[in-house]
Amino acid sequence: MENELKSSDLRCLCDPKMFTFKDTSELKPLEEVIGQERAVQAIDFGLNMHSPGYNIFVTGQEGTGKSTIVQDIIYKHALSLPTPDDWCMVNNFKDEFRPQAISVPSCKAMRFKKQMNKLIEDIKKELPKALEDEALQERQSNLQKKYADQQRELFKKLDTFAAEKNIQIARSQAGYQTVPLVDGKPLSKEQFMKLPEDQQNEINQNMADVQSELEATVREAGKINQTLEDEAEKIMQEIAQFIVKQRLDIIKHEYKDCPDIEAYLDEVQKDIVENLKNFLPSKAPADQMEAVLGAASKPTFRQYAVNVLVDQSGCQGAPVIFEANPTYQNVFGHIEKRATMGTVTTNFSMVQAGSLLRANGGFLIMEIESVLMNPHVWESLKRALQNKLLFIEDVSTQMGFGTTTLRPQPVPLDVKVILLGSYDLFAKLQNFDSKFNKIFKVRADFDYEVERSDDAIHKYAQFVARVCKAEKLLPFAPSGVAAIVEYGEKYVANKNKLSLRFGPIVGIIKEADYWARKENAARVTDKFVIQAFKEYRFRYNLYEQKIHESYVDNTVMIDVIGEVIGQVNALAVYQIGDISFGRPSRITAETFMGKPGLINIEREAKLSGKTHDKGVLILSGYMGRTFAQKYPLNLSISVTFEQSYGGIDGDSASSTELYAILSSLAEIPIQQGIAVTGSVNQKGQIQAIGGVNEKVEGFYDVCLAKGLNGKQGVMIPQANVKNLMVKKEIIKAVEKGQFHIWQVATIEEGIEILTGVKAGQADANGEYPEGSLYKAVQQKLHQYLEQSMKLKKEFE
């Protein structure tokens with residue numbers, strides 16, 4: 001039969017003789033990427049585009065190695081770039097709640113921190129020594145003597161003025177008091193009250209005049225004291241300025257090309273000079289309470305510390321950060337807090353950098369699914385990339401509540417972000433996030449398959465060598481590599497392709513090594529690869545085994561011998577995690593007079609999906625096109641999956657349902673030893689379906705369990721022949737004539753194989769030849785029409 005496939009059509013075999021090595025230890029491990037030219041070019045383009053918005057979104061199926069490949073490419077690219085500056089957080093002396101980040105030349109942040117610590121320690125030691133110098137003490141003494149003389153002169157004039165008015169100025173701890181004198185003696189209150197009124201008035205006036213002069217003298221003395229203090233402080237500041245500037249100039253010279261550091265050091269110098277007393281030794285406490293209070297108020301000099309946020313020491317080239325857990329704190333940084341005396345405190349030294357700042361000047365890689373799962377991260381990331389500014393904030397402040405905390409000044413941001421994700425998330429972000437396309441302008445799409453060629457096969461062998469070397473596995477023999485190549489073909493279900501989903505392939509390589517070591521083998525051959533695959537499947541296929549047993553004991557009714565009208569074996573695929581397998585399912589169709597048309601029992605019972613419903617509705621189009629050109633269809637059709645109690649979707653059984661309908665109408669039986677898969681369009685063309693290998697192998701297993709008779713087989717769409725990679729057991733059965741696989745392109749071809757009766761071809765009048773199956777269908781439909789018209793007349 002011309003539609004029957006040969007054994008050579010059922011699988012693409014890899015000949016181990018094409019390899020010239022004894023084992024993979026002789027091969028150079030693979031260093032390039034197989035079959036991902038589009039993705040690699042896109043990544044290279046994105047990495048070298050320095051305009052804003054050219055961040056990269058990487059898509060691809062799981063297991064294609066996109067994460068490993070992306071990191072390898074970026075690491076190599078980063079080595080050619082300069083190492084960016086370090087970042088430090090320092091105090092803002094103008095506003096302590098707004099600390100500032102400053103850039104420090106690469107790998108010098110820790111040195112700068114140590115320099116500042118040593119600067120403060122040196123000043124704490126040297127400044128008191130300088131202020132205790134004899135020359136300075138003499139200068140201070142002369143200054144105090146000068147202004148003390150001025151104060152004495154003032155009070156001498158005051159005393160003279162008061163004496164002229166017969167007023168004495170009494171000095172006490174409470175201040176100054178004016179006392180009237182009579183004959184040089186103080187006048188008591190009783191004596192004053194006995195004096196004549198005019199004399200009392202005179203004394204009061206004199207006291208008022210002296211009090212006014214006293215107040216003026218005290219004010220002038222206060223000014224002299226203030227001037228003295230200012231002069232003394234000025235002298236001390238000059239000394240401090242000299243000492244501090246002398247040491248700061250050394251640091252400034254080292255960072256002369258860093259304006260941020262120079263500006264910060266100027267602020268440090270100004271603050272030290274203004275707060276000179278903090279560096280002077282305090283007086284000994286008078287008691288224990290004063291000692292406790294003094295310890296609490298003792299200056300810590302924390303305001304001069306340097307908080308290193310990012311230190312690029314040990315980094316070669318630009319930084320590459322892979323953030324595996326992109327929480328808000330991990331990405332953007334956070335501000336730590338410390339509980340002290342029943343309250344929560346913080347300062348600039350407790351600000352911590354996130355991965356975004358650590359990647360500044362380089363590259364940050366994250367998985368989009370993890371990013372979207374963490375609150376506030378996605379919106380904050382877009383805002384940072386758009387504005388090129390990084391804000392380190394508390395999440396609580398973003399949400400509108402929380403205690404008063406720091407709000408560090410923003411950090412200039414220059415980072416390339418690479419996101420890894422699925423097709424679905426990419427499509428949703430592209431369609432529903434208005435800013436996404438502006439920020440992520442580069443898409444790198446990883447393929448899951450590559451054209452099968454000698455070059456690709458040899459790269460597969462090098463990939464096996466790479467895995468063996470990296471994981472310290474036994475070398476693979478040529479037969480073992482050939483088995484891995486065939487596994488790659490089967491995994492992608494295409495004889496002309498090789499799978500690029502290396503994750504599962506690496507798993508098989510490791511497991512094959514395990515079985516080889518268990519038998520003390522020196523090399524891994526095809527025997528161990530096949531064993532690894534079988535053992536892997538055995539660990540996961542308990543459910544498959546239980547389903548298979550239900551066919552063997554006839555719990556699920558399936559005929560694999562004989563002929564039945566209106567009954568066909570369809571094929572379905574079950575997916576349990578990584579394991580998929582096929583099993584047959586009986587489809588039956590009943591046709592009878594009436595007008596409801598095609599009744600899909602699954603749809604009526606709400607057990608079918610939209611795709612399955614569409615496939616069933618297409619059958620009405622084919623029936624009308626083929627048999628209702630001259631008169632209408634006047635019949636009812638009932639179609640169902642027998643013993644199916646769960647949901648059904650997909651259109652791969654639509655051709656099977658049509659075969660059952662045609663058989664029922666023509667009253668011609670269908671061979672039950674043939675299972676069918678394939679969708680159909682309204683023109684009767686058979687279309688490709690998925691899972692063809694699982695379906696063929698599943699029906700073969702059932703036939704094998706019930707007994708092969710040489711007439712059984714599977715009918716598949718012609719378009720799926722290239723996808724055949726069935727197990728070698730089936731190939732042997734086909735070679736022996738125990739099992740068959742047919743390819744069909746049209747419904748007519750398929751019904752002829754199932755029934756052994758020609759479908760027939762309509763003539764110019766739309767009539768089919770006698771003895772053909774379609775003629776029998778045509779006659780049945782005509783019979784239904786005549787009978788319905790006859791009944792209509794009788795009823796009328």
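Trainee: How do you know what radius of gyration a compact globule of 796 residues would have, and what does the protein have?
Mentor: The globule rule is 2.2 Å times the number of residues to the power 0.38, with the radius of gyration taken over C-alpha atoms. For 796 residues a compact globule would come near 28 Å, but the protein has 47 Å. Along the principal axes, its C-alpha atoms fill a box of roughly 165 × 85 × 50 Å. This is a predicted model, in which local features need pLDDT of at least 70 and side-chain atom pairs count only at pLDDT 80 or more, while totals for chains, interfaces and linings use all residues. Residues are numbered from 1 along each chain as its sequence is written, and side-chain values use heavy atoms, with hydrogens and water left out.

Trainee: Why is Asn-55 called buried?
Mentor: Buried means under 20% relative accessible area, exposed over 50%, and partly exposed in between (1.4 Å probe, protein chains only). Asn-55 has a relative accessible area of 6%, so this residue is buried. In the protein, buried residues make up 46% of the 796 residues.

Trainee: Where is Asn-55 found, and with which residues is Asn-55 in contact?
Mentor: Asn-55 is found in the loop between helix 1 (37–48) and strand 1 (56–59); helices (H or I, at least four residues) and strands (E, at least two) are DSSP runs, numbered from the N terminus. Contact means heavy atoms within 4.5 Å. Leaving aside neighbours within four places in sequence, the contacts of Asn-55 include Leu-385, Val-417 and Val-442. Leu-385 is also one of the buried residues of helix 12 (residues 377–387).

Trainee: What makes strand 8 and strand 17 edge strands?
Mentor: Two strands pair if DSSP finds at least two bridges between them. The open sheet of five strands has the order 8-13-16-1-17, with parallel pairing. Strand 8 (320–322) and strand 17 (442–445) each pair on one side only, and are therefore its edge strands.

Trainee: How do you know that strand 13 and strand 16 pair?
Mentor: Five bridges join strand 13 (residues 363–367) to strand 16 (residues 416–421), and the definition asks for at least two, so they pair. Leu-364 stands opposite Val-417 in strand 16.

Trainee: What does helix 2 touch on the sheet?
Mentor: Helix 2 (residues 66–79) packs on the sheet, touching strand 1, strand 8, strand 13 and strand 16.

Key
Axes fitted to C-alpha atoms, helices over the stretch in contact; angles between N-to-C directions.
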